[in-house]
Amino acid sequence: MTVIDLNADLGESFGVYTYGADAEMMPLITSANIACGGHGGDPAVMRTSVALAHAHDVAVGAHVGLPDRLGFGRREIPTTAQEAYDLCLYQVGALDGFLRAQGTAMQHLKLHGSLYMMANRDRDLAEAVCAAVTALDPALLIYVLPGSALHTTAVETGLTPVIEIFADRPYRDGVVQMYDRTAELIGGPDQVVTRTLSQLAAISETTGTDVHLTVCVHSDTPGAPALLAAVRSALTAEGHTFRSPTTPASATTRKPILTAALGGE
């Protein structure tokens, strides 16, 4: 069976505003995408998020978004390739300072919201993001949609892509619908599990098993901890194991399923 990374977008609170079930999600994931002050996050939240990830042996990546707090980085704002490059350098650099202070290295970059979708379909933006990663550290992984412009560019640039599946987002004709969603379309644990297994099977058919795979559940999705716990339980039953892409194979572990997150007994 496949080794799978489980990731969540975290650290998106800022000031007096709190978003996401970060504390409940962290024990269930293997990689955390921490906001860097663009769409969310602030210095204190970055510091505490890095510390929480370190406490749970969770790998950390920079969650780089458009400078759009009002729209939470989900509004498409015209962005040049140079601007995308600069946003990556600026935000990764900010988070890297907190990682260095914690004695931890950064694992990956994952774009957020509209910037993620724009770079996955726009070759110029994809090249700018990959150029930024190359300039920062070619060893950084980059999370991508399968078959996207960002996926292709990462491979051509010599970077290591991690193919991402979204458990808590609907798919239409195999394409994730990041914004065209309702609670009904997201569904409950059964729908989220079915979607995850279906997407894993589809990727296995087109790319084989010799790729890095990650499954995302957003921390601000209603009931996110229970959804992620259900996904973990189902994948465990299928024989999958969990670790971040940079964790040595000898350190593969299965974090315990939290029955409280599932409703418990």
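Guide: We start with the whole chain and then turn to one residue. Keep in mind that the model is predicted.

Visitor: What secondary structure does the chain have?
Guide: Nine helices and ten strands.

Visitor: What makes the chain as compact as a globular protein of its length?
Guide: Its radius of gyration is 17 Å. The globule rule gives 18 Å for 265 residues. The two values are close, so the chain is as compact as a globular protein of that length. The C-alpha atoms fill a box of roughly 50 × 40 × 40 Å along the principal axes.

Visitor: How much of the chain counts as buried?
Guide: 53% of the 265 residues. The chain exposes about 11300 Å², with carbon and sulfur atoms supplying 55% of that area.

Visitor: Which share of the contacts between residues at least 6 apart joins residues at least 24 apart?
Guide: The share is 74%.

Visitor: Where is Thr79?
Guide: In the loop between strand E3 (59-64) and helix H3 (81-102).

Visitor: Why is Thr79 called buried?
Guide: The cut-off is under 20% relative accessible area. Thr79 has 17%, so Thr79 is buried.

Visitor: Which residues does Thr79 touch, leaving out those up to four places away in sequence?
Guide: Leu66, Ala84, Met118 and Leu125.

Visitor: How do you know that the Thr79 side chain has a polar contact with Ile77?
Guide: A polar atom of that side chain lies 2.7 Å from the backbone oxygen of Ile77. The limit for a polar contact is 3.5 Å, and 2.7 Å is within it.

Key:
Residues are numbered from 1 along each chain as its sequence is written. This is a predicted model: local features need pLDDT of at least 70, side-chain atom pairs count only at pLDDT 80 or more; totals for chains, interfaces and linings use all residues. Side-chain values use heavy atoms; hydrogens and water are left out. Helices (H or I, at least four residues) and strands (E, at least two) are DSSP runs, numbered from the N terminus. The radius of gyration is taken over C-alpha atoms; the globule rule is 2.2 Å times the number of residues to the power 0.38. Buried means under 20% relative accessible area, exposed over 50%, partly exposed in between (1.4 Å probe, protein chains only). Contact means heavy atoms within 4.5 Å. Accessible areas come from the Shrake-Rupley method with a 1.4 Å probe; for residues, only the protein chains shown count as cover. A polar contact is a pair of N or O atoms within 3.5 Å; within protein, one must be able to donate a hydrogen and the other to accept it, and residues adjacent in sequence count only if both atoms are side-chain atoms.
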